[in-house]
Amino acid sequence: MTKTCLIIVDGLRYDTALSDCGYLQAAVEAGHARLWQMQSELPTISAPLYETIHTGLPPVEHGIIGNEMIRPSNKPNLFSILKQAGRVTGSVAHCYYHTLYGGSSFDPFEHGEINDPDAPIPHARYYSMEGYCPENSAMPAEVDLCAQVWGIARDHAPDYLLFHTSSCDTLGHWFGGESSEYRIQASKVDIALARLVPRLREAGYEVFVTADHGINSDHHHAGDQPELRQVPFYVFSDLVDAPAGEVLDQKSIAPTVLKLLGVDLPDTMRAPTLC
Ligand SMILES: [Zn+2]
């Protein structure tokens with residue numbers, strides 16, 4: 001049975017992936033992975049694009065246009081569809097994902113760690129980053145997050161496993177998308193992934209590494225600039241393909257995951273699949 005892990009490196013620009021993600025690029029050079037450029041939907045804002053990635057709908061259609069508008073998803077999404085199909089999901093992600101797909105508003109004392117087969121996402125770990133500011137980024141260590149992802153994969157082997165890490169976005173906000181601080185954090189995420197991705201592959205996971213959006217020299221993301229819309233899509237899988245050099249549609253992720261898992265697509269997922 002095909003299992004899929006989607007890794008979202010929040011705020012990772014395509015050009016920064018090429019220049020600073022030495023492990024991911026080495027995997028491409030060695031033929032272990034393939035890389036396409038993917039185009040983000042608009043606006044290039046986190047919560048709207050988390051929902052786009054999981055529903056296959058653009059923000060103007062799913063209705064979450066800004067982070068301030070975050071609420072539980074009311075469209076067919078990967079977590080709800082897989083639950084309905086009797087499949088198991090897991091996630092290690094920012095607490096926004098609990099608000100979107102976890103079934104209630106986030107309480108760190110109740111929802112930091114979830115192991116409940118009846119929960120909307122049965123195996124979940126969330127970080128809040130509560131109180132984050134330029135003086136204290138409140139970021140979890142990348143390797144600690146990767147270890148949590150591996151723990152869920154090893155112990156529960158969910159059909160769909162989401163890993164979302166925020167640190168590139170955070171340092172991009174403090175220092176800008178052209179800064180050494182942002183680029184070096186991209187490298188640190190990359191090196192942590194080097195310790196996770198091979199384990200996931202050995203455990204039978206198809207693995208994708210992408211981003212929701214990039215970040216610009218104004219320390220910002222929301223609009224329609226190449227550095228905001230161009231994100232990487234690394235594929236560690238022989239089951240997924242697209243013409244070399246094609247710019248992929250971010251709305252293709254959700255239907256592709258469902259097709260890999262052998263689950264019927266809802267009518268709302270209209271973008272072409274990559275398999
Ligand atoms: Zn984001």
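Residues are numbered from 1 along each chain as its sequence is written, and side-chain values use heavy atoms, with hydrogens and water left out. Because the model is predicted, local features need pLDDT of at least 70 and side-chain atom pairs count only at pLDDT 80 or more, whereas totals for chains, interfaces and linings use all residues.

A pair of aromatic rings is described by the distance of the centres and the angle of the planes. Rings of Phe, Tyr and Trp (its six-membered ring) are taken to pair if their centres lie within 6.5 Å, and planes under 30 degrees apart count as stacked, over 60 as edge-to-face and the rest as tilted. By this rule, the count comes to eight aromatic pairs. One of these is the tilted pair of Tyr 132 and Trp 174, with 5.2 Å centre to centre and 40° between the planes. This pair links distant parts of the chain, 42 residues apart, with Tyr 132 in the loop between β5 (123-127) and α8 (142-156) and Trp 174 in helix α9 (residues 167-175); helices (H or I, at least four residues) and strands (E, at least two) are DSSP runs, numbered from the N terminus. Tyr 132 is partly exposed, with a relative accessible area of 37%, and Trp 174 is partly exposed at 21%, where buried means under 20% relative accessible area, exposed over 50% and partly exposed in between (1.4 Å probe, protein chains only).

Phe 208 and Phe 233 form a stacked pair, with 5.4 Å centre to centre and 20° between the planes. This pair also links distant parts of the chain, Phe 208 in strand β7 (residues 205-210) and Phe 233 in strand β8 (residues 230-236), 25 residues apart. Phe 208 is buried, with a relative accessible area of 1%, and Phe 233 is buried, with a value of 1%.
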